[in-house]
Amino acid sequence: MNNEKPIRVLVLDDDRFMLEFVSHLLRDLGVSEVLVAEDGKAGLFVMSAQVSAIDLLICDIEMPGMDGIEFLRNIADQYYSGKIVLFSGVDPDLLKATERLASVRGLNVISTLTKPVTVGSLVAILAQLSIPIPRRPDPARIRQIFTVEEIQQALAADQIDLFYQPKIAVSSRRVTSVECLARWRHAQYGYVSPDNFIPVIEQSELINDFTRDVLRKSAQQLDLWLQEGLDLKISVNVSMENLDRFNLPEIYETAVRECYVPIDRITLEITEGKLGKDFAQSLDILTRLRLKGFGLAIDDFGIGYSSMETLKHMPFTELKVDRIFAHGAAKDPATRAILESSIKLGKALGLNVVVEGIEAGTDYQLAVELGCDEIQGFFIAKPMPGGEFTEWLAKYEKTIDERF
Ligand code: C2E
Ligand code: MG
Ligand code: MG
């Protein structure tokens, strides 16, 4: 069928599930050689051995350690001339900016993909490579990674677990709070990260029950920690899609009260990118959530669209600077400038400013110097199951002075 030279594709993503999923799809479509790398360093290793032999690079731009932007800089230095597809779960604007940056460096970006990746989008990319698709894709597979039905079954079977990532106060370096992050315990793929299934839930009715269940589970965990004598707060992510009903504050209040924990120990995080769809309704619901005592954080700040005006009017208590502006800020003046101005803005508005995604000691030092209040990131700890947290905390407290 296809007599042309076989193509070689390298897929670079820190998310094992995505690596497996995308490489399976490519093989299904008849691509003979699919190489995978789990981080930038491994990717560079593969590229250095076969830089001229890779026809297509599919690269996630958000990875711990060496991120996609750094990786692209490196392969530009190696004069990689093959085609590139950038993909990510982050804001499309950021993908566009990365694409422009890659073009300035002389790289050939042919497309960008937002997660979840579909068979249809991969077929379109292979078509752009002028490579005949050896096998016709099965139409049944042209769909999102997971269907709503699959996720519904997972929810019914209680397969959504919560992982917890600590946040420390800069002033005391003690753990003040914990962000609750959903993971799908999947029989075939192991833990699936939320970027791969939350967008599907958000497009369906399921999002309301899902968020209420996450809130309830998180509050139950908080209750256990408070009973153990730990002085902790928690943060729970809420989708903008949840703000579609005026009685949401009552629903969340009831969910929390059933767990006997004080509401003012819970902060709801709302992603900046989606704010302002229906301003009056969002403002009404958020203000009433504040009245009930919930803290309100604007999440992933810096990559969305919120104007000063929105920020001024919404009753936020906390601003979380997106991790893209924390990673490598100590070394990169442009990143540092955005980090600095975001922290200043948050402070000027009287908000608790959290910098998330801190991985390196140098970035930690910088965020502290720039005056943020709290830090979250792999530098402190990765998200972990609830059962591991108490032990981790005891060890952390014993070693605070050595760590910083
Ligand atoms: P988020 O709310 O901004 O959560 C922080 C994300 O950054 C988490 O990814 C966390 O694992 C990751 N992270 C923290 N520190 C570092 C670091 O130092 N380096 C790097 N590279 N990453 C770091 P995760 O758990 O994959 O969650 C991704 C997103 O999925 C979350 O971003 C949040 O928007 C969403 N999400 C997670 N759980 C829920 C949920 O229960 N409901 C809703 N609606 N969204 C959720
Ligand atoms: Mg969050
Ligand atoms: Mg965030």
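Modeller: Let's start with His327: setting aside neighbours within four places in sequence, His327 is in contact with Gly65, Asp67, Glu70, Thr335, Gly357, Glu359 and Asp363. Keep in mind that this is a predicted model.

Colleague: You mentioned Glu359. What does its side chain do at ligand 1?

Modeller: An N or O atom in the side chain of Glu359 is 2.7 Å from a nitrogen atom of ligand 1.

Colleague: Which side chains have polar atoms by an oxygen atom of ligand 1?

Modeller: Asp300 is one of them, with a polar side-chain atom 2.9 Å from an oxygen atom of ligand 1. For Glu356, the distance from a polar side-chain atom to an oxygen atom of ligand 1 is 3.5 Å.

Colleague: How much of ligand 1 does the protein cover?

Modeller: On its own, ligand 1 has 800 Å² of accessible area, and the protein covers 90% of that.

Colleague: On to the metals. What coordinates the magnesium ion that is ligand 2?

Modeller: Ligand 2 is coordinated by Glu179 (OE), Asn237 (OD1), Glu269 (OE) and Asp299 (OD), at 2.0 to 2.3 Å. Along the chain, these donors follow the spacing E-x57-N-x31-E-x29-D.

Colleague: Which parts do Glu179 and Asn237 tie together?

Modeller: Glu179 lies in strand β7 and Asn237 in strand β9 (residues 233-238), so this pair ties together parts 58 residues apart in sequence.

Colleague: Are those two buried or partly exposed?

Modeller: Glu179 counts as buried, at 4% relative accessibility. Asn237 is partly exposed, with a relative accessible area of 28%.

Colleague: What about the magnesium ion that is ligand 3, which residues coordinate it?

Modeller: The donors for ligand 3 are Asp299 (OD), Asp300 (OD) and Glu356 (OE), at 1.9 to 2.4 Å. Their spacing in sequence is D-D-x55-E.

Colleague: What is the sequence separation of the parts tied together by Asp300 and Glu356?

Modeller: They are 56 residues apart in sequence: Asp300 lies in strand β11 and Glu356 in the loop between β13 (352-355) and α13 (361-369), so the pair ties those parts together. Glu356 is buried, at 10% relative accessibility.

Colleague: Changing topic: where does Phe294 lie, and what is it in contact with?

Modeller: Phe294 is in the loop between α10 (279-292) and β11. Its relative accessible area is 0%, so Phe294 is buried. Apart from neighbours within four places in sequence, Phe294 is in contact with Tyr252, Glu253, Val256, Ile263, Ile266, Leu268 and Leu289.

Colleague: And Ile198, which helix is that in?

Modeller: Ile198 lies in helix α7 (residues 198-202) and is buried, with a relative accessible area of 18%. Neighbours within four places in sequence aside, Ile198 is in contact with Ala182 and Phe210.

Colleague: Last one, on the backbone. What is phi for Asp158 and Arg173?

Modeller: Phi of Asp158 is near 55°, a positive value in a residue other than glycine. Arg173 is not a glycine, yet it has a positive phi of about 60°.

Colleague: Where are these two placed?

Modeller: Asp158 is in the loop between α6 (148-156) and β6 (160-169), and Arg173 is in the loop between β6 and β7. Asp158 counts as partly exposed, at 45% relative accessibility. Arg173 is partly exposed too, with a relative accessible area of 27%.

Note on methods. Residues are numbered from 1 along each chain as its sequence is written. Chains are lettered from A and ligands numbered from 1 in the order in which they are written. This is a predicted model: local features need pLDDT of at least 70, side-chain atom pairs count only at pLDDT 80 or more; totals for chains, interfaces and linings use all residues. Side-chain values use heavy atoms; hydrogens and water are left out. A polar contact is a pair of N or O atoms within 3.5 Å; within protein, one must be able to donate a hydrogen and the other to accept it, and residues adjacent in sequence count only if both atoms are side-chain atoms. Accessible areas come from the Shrake-Rupley method with a 1.4 Å probe; for residues, only the protein chains shown count as cover. Donors are N, O and S atoms within 2.8 Å of the metal (3.2 Å for Na, K and Ca); water is not among the atoms, so sites may look incomplete. Helices (H or I, at least four residues) and strands (E, at least two) are DSSP runs, numbered from the N terminus. Buried means under 20% relative accessible area, exposed over 50%, partly exposed in between (1.4 Å probe, protein chains only). Contact means heavy atoms within 4.5 Å.
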